[in-house]
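Let's take a walk through a protein model together. Have the sequence and the 3D view ready.

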Amino acid sequence: GQAVPAGSHVRLNLQTGAREVKLQNEDKFQNTLKGTKKGKRLDINTNTYTSQDLKSALAKFKEGAEMESSKEDKARQAEVKRLFRPIEELKRDFAELNVVIETDMQIMVRLINKFNSSSSSLEEKIAALFDLEYYVHQMDNAQDLLSFGGLQVVINGLNSTEPLVKEYAAFVLGAAFSSNPKVQVEAIEGGALQKLLVILATEQPLTAKKKVLFALCSLLRHFPYAQQQFLKLGGLQVLRSLVQEKGTEVLAVRVVTLLYDLVTEKMFAEEEAKLTQETSPEKLQQYRQVQLLPSLREQGWCEITAHLLALPEHDAREKVLQTLGALLVTCRDHYHQDPKLSRTLASLQAEYQVLAAQELQDGEDEGYFWELLGSINSLLKELR
């Protein structure tokens, strides 16, 4: 708070927290001291200032510093008042506007009530589900949703006669199921799996089936018990019919991706149990009860997956190639007996050789097309 001469160097002492000033004459004083240490005498004139002069000068110095500090404080307070308002004034204004700060839980309760109200219009129901999906992405919020019965309300929304309600209810459920075991268990007990499969098996808009398939994938991943129930309820037959419908190519790629994830997930779980023994015995036993590969073979998925290589998109081909590799042990004899698969792989090999060479010319080593070519070459080698 003390005033210092203009042009002085000020620093903050990090050890003491005090502000220190380096006076302009300090360097000269230090040089004089150094000269003294070298043998020179320091000439101090004791008659220059009396003690009274020093006291008077110090009093004026303090008075000036206080006046300067007072002016600075007043200016700072005026600036704060200009920029900010007192908290009591803000509370009073919010109360007059009837603004209430809600928690996520309170918001979800309000949205569920809006969706479940018979007086709400279709637009209001859809808006409530759309907003709800934002909140249930958080694991804690999704678990809070089931704590007050909101999850079951959304599951029941899958029974609606309105395709949009089915679509957005599935959208909310897919977000809530994702990597959330507690919610997944409650959903299975609440009949979500059956309702999702019914929608996929019946005539519905493509947009609705996309969201329903998303919810199904979120429910099955990393949940072996749900995968068992899926097989028992004829889930593979439902998906087979889905990918064979005309105009559902985008769904076919997502189905193949799901099957690849489920096959590799089980393989990784069993391998991890052998190497680290970290997988719980109960969960490992559940995985072993999921007879996915034999079911895929029996229901014709070896041929269905192979024929999807005819899709034109590179991303779709990549996912199909991954799935063919995962099914190779189970489907090897089917692949050998399928001349169309061999011709398709040879054609793709020639196509991606050109694309991979172009990548190399562009300076991209081991690029995307090079990796696809490697997958094709590996399959052809296994099938020779």
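This is a predicted model: local features need pLDDT of at least 70, side-chain atom pairs count only at pLDDT 80 or more; totals for chains, interfaces and linings use all residues.

Residues are numbered from 1 along each chain as its sequence is written, and side-chain values use heavy atoms, with hydrogens and water left out.

The protein chain has 21 helices and 2 strands. Here helices (H or I, at least four residues) and strands (E, at least two) are DSSP runs, numbered from the N terminus. Of the 384 residues in the protein chain, 38% are buried. Buried means under 20% relative accessible area, exposed means over 50%, and partly exposed lies in between (1.4 Å probe, protein chains only).

Now for the charged pairs. Side chains of opposite charge can pair when their charged atoms come close. A salt bridge is a side-chain nitrogen of Lys or Arg within 4 Å of a carboxyl oxygen of Asp or Glu, and the structure holds 8 salt bridges.

One of them joins Lys209 and Glu245, whose closest N and O atoms are 3.6 Å apart. This pair links distant parts of the chain: Lys209 sits in helix α11 (residues 206–220), while Glu245 is in the loop between α13 (235–243) and α14 (249–275), 36 residues apart. Is Lys209 buried or exposed? Lys209 is buried, because its relative accessible area is 3%. Glu245, at 34%, is partly exposed.

Another salt bridge connects Arg317 with Glu351, with the closest N and O atoms 3.0 Å apart. Arg317 belongs to helix α18 (residues 314–326) and Glu351 to helix α20, 34 residues apart. Arg317 is buried, with a relative accessible area of 10%, whereas Glu351 is partly exposed at 30%.

Patches are made of residues with over 30% relative accessible area and no salt bridge; like charges are joined within 9 Å, and nonpolar side chains (Val, Leu, Ile, Met, Phe, Trp, Tyr) within 5 Å. Asp362, Glu364, Asp365, Glu366 and Glu371 form a negative patch; Asp and Glu count as negative, Lys and Arg as positive, and His and the chain ends are not counted. The place of a charge is taken as NZ of Lys, CZ of Arg, CG of Asp or CD of Glu. Glu366 lies in the loop between α20 (339–361) and α21 (368–383), and Glu366 counts as exposed because its relative accessibility is 55%.

Conventions. Accessible areas come from the Shrake-Rupley method with a 1.4 Å probe; for residues, only the protein chains shown count as cover.
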